[in-house]
Amino acid sequence: MRTEEIIRKYEKYIMPTYTRKNLVFSRAEGLKVWTPEGVEYLDFFPGWAVSGLGHCHKRVVRAIREQAGKIIHISNNYYNKLQADLAEKLIQHSFNGKVFFANSGAEANECAIKLARKYGGGGSRYEIITAEKSFHGRTMATISATGQEKVKAGFHPLLEGFRTVPFNNLKAVEKAITEKTVAIMIEPIQGEGGINVASGDYLRGLKQLCDERDLLLMFDEVQTGMGRTGEIFCYKHFGVEPHIMTLAKSLGGGVPIGCAIAAEGVADTLTAGNHASTFGGSPLVCAAALAVLEAIEEERLIENARSMGAYLRKGLERLKDEFSFVKQVKGMGLMLGLELSKECKGIYEQAFKRRLLINCTQGNILRIMPPITVTKPEIDKALGILSEAIRQGV
Ligand code: PLP
């Protein structure tokens, strides 16, 4: 089927909620994606961080194939070994506690929000403090939590009980706390917000505030998790353990899975009948996520994220030195951004023309997040294209 025909069907049958390029992809492997005609693109922004190990990672493909022939889904009214094994692995990698499995980042955050409200006594303490420029998803609760007006426009009235304050500003959080506050919800690095890294002092200060006032510290690691920043979870860079952490995106290596992990003493707040997800934690997606963790452990991918992150950063710093309108390189590991003093759309388009996929967020931040399996030659190739794209795109 020709591209124009596919686009015509989209226009007729699919709600127009996305801005799309006039391009069809039909096959992918590692950092390469191909159109049906065989035109190859280099993917430095694979599915907004979903394909964190690259497209169709061999272990993930094998696990899905094998599991699909055994049992794909079983209701959560029964037990399945893979969900138990995955929860155990996630806890071993994070902190003592328990896991709830959902299907996406927004749903993982919904669980965290509901848990916090119940922890607050079901109505006495329910306010959650979030940050300006944050992004937590597109459900009603998560757009209410999100600190960006553009995602809320047209959907009022929102869910009440969220207070949004400037990011990286401890005093602002302290001032926003009332007798109704129950939690603080933060991304350790704001992705959609423009690759804004939280400071260690800020996160440590938040933890102290939470400990002093019996508040829950909730880290949304939907984008930063699973090795992207050079630690399995970003909070580990700062030594600040949250009470709740949410994950999704690259957790399943491409299949839809999200989860909320709550610390011991907090996790049992939600009890039977309080929360559910029909698809949550099915054997198929858990098999894929277990394969992702196995790859991270056995292929030394955290180390790769660190060393390739440093290598890519160096290359981006060179671009900063070369072009005066590149203001700074932001981020950690392989979650990097180039902040420009002008719009980045032209550069993004030039990169796309040269078949490099990246992202432009907040108007002036080029977001670059290759899979944590990326190699030096792939980075060199991307930097070459990016340099040319910057030269042409301004
Ligand atoms: N939280 C963060 C930090 C995100 O970056 C995103 C998506 O970009 C979400 C939550 C929402 O995830 P999903 O689109 O899987 O619902």
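**Close-up 1. Asp214, a partly exposed loop residue.** Asp214 counts as partly exposed, at 40% relative accessibility. The model shown here is predicted. Asp214 lies in the loop that runs between α7 (200-213) and β10 (216-220). Its phi is positive, about 55 degrees, although Asp214 is not a glycine. Most residues other than glycine have a negative phi.

**Close-up 2. Asn168, a non-glycine residue with positive phi.** The phi of Asn168 is near 60 degrees. Asn168 sits in the loop between β6 and α6 (170-176). Its relative accessible area is 33%, so Asn168 is partly exposed.

**Close-up 3. The cis peptide bond between His156 and Pro157.** Most peptide bonds are trans. Pro157 belongs to the loop between α5 (140-145) and β6 (162-165).

**Close-up 4. An open sheet of 4 strands.** The strand order is β1-β2-β3-β15, and the pairing is mixed. β1 (27-29) and β15 (356-357) are the edge strands; each pairs on one side only. Strands of a sheet pair through backbone hydrogen bonds, either parallel or antiparallel.

**Close-up 5. The pairing of β2 with β3.** Strand β2 covers residues 32-34, and strand β3 covers residues 40-43. The two pair in the antiparallel sense, over 3 bridges. Opposite Trp34 stands Glu40 in β3.

Technical notes. Residues numbered from 1 in each chain as written. Predicted model: local features only at pLDDT ≥ 70, side-chain atom pairs only at ≥ 80, totals over all residues. Heavy atoms only, no water. Buried < 20%, exposed > 50% of the residue type's maximum accessible area, 1.4 Å probe, protein only. Pairing = 2+ DSSP bridges.
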